[in-house]
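Try each task before you read its solution.

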Amino acid sequence: MKKEMSAAAKRRRLNHLLLHAGLFLFAAACVYPLLRIFSVSLRPGDKLVSMDLSLIPAGATFVSYAKLLGDTMFLRWLWNSLLITLATSFIGVSLASTAAYAFSRFRFPGKKVGMILLLSSQMIPAGMLILPLFLMIMKLKLMNTYLGMIIAYSVSSLPFSIWILKGYYDTIPRSLEEAALVDGTSQVGAFWRIILPLSTPALSIAFLFNFTTAWNEYLVARVVLFSSQQYTWTLGLFELQGQYITQWGMFAAGSMLVTIPVLCVFLYSSKWLISGLTLGSVKG
Amino acid sequence: MATVQFKGIVKKFGDNLVLNGVDVDIKDHEFVVIVGPSGCGKTTLLRMLAGLEEITDGEILIDNLLVNELHPSKREIAMVFQDYALYPHMTVEENMNFALRLRKMDKAEIASRVAEASNVLQLNKFLKRMPKQLSGGQRQRVAIGRAIVRKPKVFLFDEPLSNLDAKLREEMRVEIAKLYQRLNATIIYVTHDQVEAMTLAGRIVIMNHGIVQQVGSPIEVYRKPCNLFVAGFIGSPTMNFMTGKLALEGEALFFKNEDIKLSIPPYLLSDAKKHDGREVVLGVRPDDVLVERDGEKCSDKVQGVLEVCELLGHRENLYLKVGGMRVLATVEAFFNRSPGSAVTLCFNYKNMHVFDKATESRISE
């Protein structure tokens with residue numbers, strides 16, 4: 001009996017080990033490119049390829065960072081990106097949260113079709129939307145403006161956000177809103193005071209999705225923005241790539257710096273990504 | 001407090017007719033229980049009164065004010081939901097004072113009302129806790145507290161005890177009865193549990209298929225059910241029903257079927273000739289089925305066979321077979337006979353009910 005138990009324990013241990021080895025491999029595959037870029041950003045000169053595999057290269061220097069911040073408009077591009085991304089995220093989440101509430105709670109003609117249309121719009125490749133977006137923004141005379149970018153980004157991430165939020169609202173018992181209505185709120189009041197505070201996990205996910213999509217976007221920015229004053233960081237970094245020479249050190253330094261805002265947003269949002277907010281409200 | 005009137009209430013969900021002309025008048029300070037099986041429309045009626053469901057046709061008046069188009073918050077009602085519906089992101093105290101804060105009431109007044117309600121409901125210790133940290137009974141008490149602090153015109157209870165276990169349900173039932181005595185409010189209480197209805201109500205409204213079957217005091221609906229449905233729904237265990245025909249033999253009226261022949265006394269059906277040949281259903285509550293045993297003798301005897309005994313404690317359910325019919329008798333424990341043994345039984349005619357088979361309406365006095 002004891003022997004059998006120990007054999008089972010050994011098998012469990014082996015499985016555990018294999019599982020962790022697999023997870024470690026995947027984690028390494030994810031982290032490796034980031035570490036290499038960090039390494040490139042510290043190399044003296046614009047060396048992308050090197051025989052040196054150490055993380056901190058010989059003669060490591062922050063010159064690329066200093067040059068990027070001092071000699072280029074990188075801070076301006078970062079600011080542009082931040083402005084556009086934050087505006088996009090707030091507008092996107094605001095629109096999606098109210099639209100999703102309507103889809104979740106009200107009965108109206110075209111509700112089902114509307115949801116399917118929203119979903120199918122996500123199946124259209126982003127490249128196909130470039131031309132209509134360009135025409136729309138040009139007609140609105142919003143080329144090379146923040147507003148043009150914000151509109152383009154907000155609408156493109158709206159369907160996904162609506163689906164996420166609608167799904168979450170559906171899990172919140174209707175009796176909570178009904179209790180609030182009887183207690184004296186309006187429908188909007190019930191949404192604001194009861195539904196929104198309970199939806200923070202889904203709102204955070206929608207916000208993160210909007211933020212990362214807008215922050216990393218290149219294609220639409222390439223079409224809408226044409227003056228380097230208005231560039232987002234994605235366009236700005238591309239500027240560092242010349243016809244004959246690419247400033248890999250600065251490119252890598254820029255790549256490292258742009259991860260900081262996203263990291264901050266992720267870390268801040270994580271406290272809202274908690275489950276079980278509706279526990280105790282109704283009989284479980 | 002206030003009166004409530006339902007006048008010809010009709011509710012349709014698409015083609016589905018849920019309520020079909022409900023007329024009920026509820027008096028000031030009255031405790032009315034609306035009872036009926038699942039899907040009979042009782043909760044829909046309550047939700048329409050609360051303003052949570054649109055009215056297809058008819059009128060609802062609270063204190064003689066037509067409220068059909070009035071927003072729930074303007075109806076001066078408070079509702080206790082079946083699933084508690086506590087705001088999970090608020091403490092017990094915040095849940096209880098939410099409605100008062102919305103009305104921008106004076107802080108001292110809010111505090112005093114919450115303190116008063118939490119004293120009555122013994123919630124003082126839990127005021128700073130979140131709903132998820134409470135047991136089912138405590139949550140339901142918070143839900144009731146949230147209603148009390150409002151001091152509304154009408155309290156609505158939508159099956160408030162159905163999520164609680166049997167023991168807690170009993171405790172809460174007593175709590176609600178005590179609360180009513182204290183508040184002396186107009187209360188409309190919906191339940192499918194006829195024990196709750198019988199124990200709590202001043203008047204019971206019995207519904208089935210969206211139609212009010214009978215309105216009356218608990219003893220009225222128990223002693224004089226107006227039709228077969230009410231007779232079968234009210235009372236536990238369920239009433240025994242025997243289908244047969246009335247036949248006049250000389251001056252006496254008899255109930256007959258393949259298995260049984262019983263004389264129907266004139267105080268049950270007065271005009272015997274009128275009922276000759278009528279197809280009827282005889283209703284006898286299990287308590288009114290008497291079995292012959294030591295010290296208890298039966299008259300107008302019927303022979304039966306004992307099938308199953310169910311000991312309930314001080315009472316015992318006897319499942320008997322009389323010919324092809326099944327008859328349930330509830331007698332004092334302990335009967336001490338084994339299944340299969342012959343039993344002599346008789347019926348208490350004073351509490352017997354006669355219903356017309358076709359219309360299902362009561363025809364006995």
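**Exercise 1. Find the partners of strand 8 of chain B and trace how the chain gets there.**

Solution. Begin with strand 7 (residues 154–158) of chain B, which pairs with strand 8 of chain B in the parallel sense over 5 bridges. Strands, here and below, are DSSP runs of E with at least two residues, and helices are runs of H or I with at least four, numbered from the N terminus; two strands pair if DSSP finds at least two bridges between them. Next, follow the chain: from strand 7 of chain B it passes through helix 5 (residues 166–183) of chain B to strand 8 of chain B, a right-handed β-α-β crossover. Right-handed says that, with the strands pointing away from the viewer, the path from the first strand over the helix to the second runs clockwise. Then look at strand 3 (residues 31–35) of chain B, which runs parallel to strand 8 of chain B and is joined to it by 5 bridges.

A note on the model: it is predicted, so local features need pLDDT of at least 70 and side-chain atom pairs count only at pLDDT 80 or more, while totals for chains, interfaces and linings use all residues. Residues are numbered from 1 along each chain as its sequence is written, and chains are lettered from A and ligands numbered from 1 in the order in which they are written.

**Exercise 2. Decide whether strand 8 of chain B is enclosed or open, and explain why.**

Solution. First sort the side chains: B:T186, B:I188 and B:V190 point one way, and B:I187, B:Y189 and B:T191 the other way. Now check burial (buried: 20 or more other C-beta atoms within 10 Å of its own; exposed: 12 or fewer; partly exposed in between; C-beta atoms placed from the backbone). Because 6 of the 6 residues in 186–191 are buried, the strand is largely enclosed by the rest of the structure.

**Exercise 3. Describe the surroundings of A:A221.**

Solution. Locate A:A221 in helix 10 (residues 219–224) of chain A. Its count is 23 other C-beta atoms within 10 Å, so A:A221 is buried. Leaving out residues up to four places away in sequence, A:A221 touches A:M149, A:T232, A:T234 and A:L235; contact here requires C-beta atoms, placed from the backbone, within 7 Å. For contrast, take A:L196: A:A221 is 25 residues from it in sequence and 32 Å from it in space, C-alpha to C-alpha.

How values were computed. Two residues are in contact if their C-beta atoms, placed from the backbone, lie within 7 Å.
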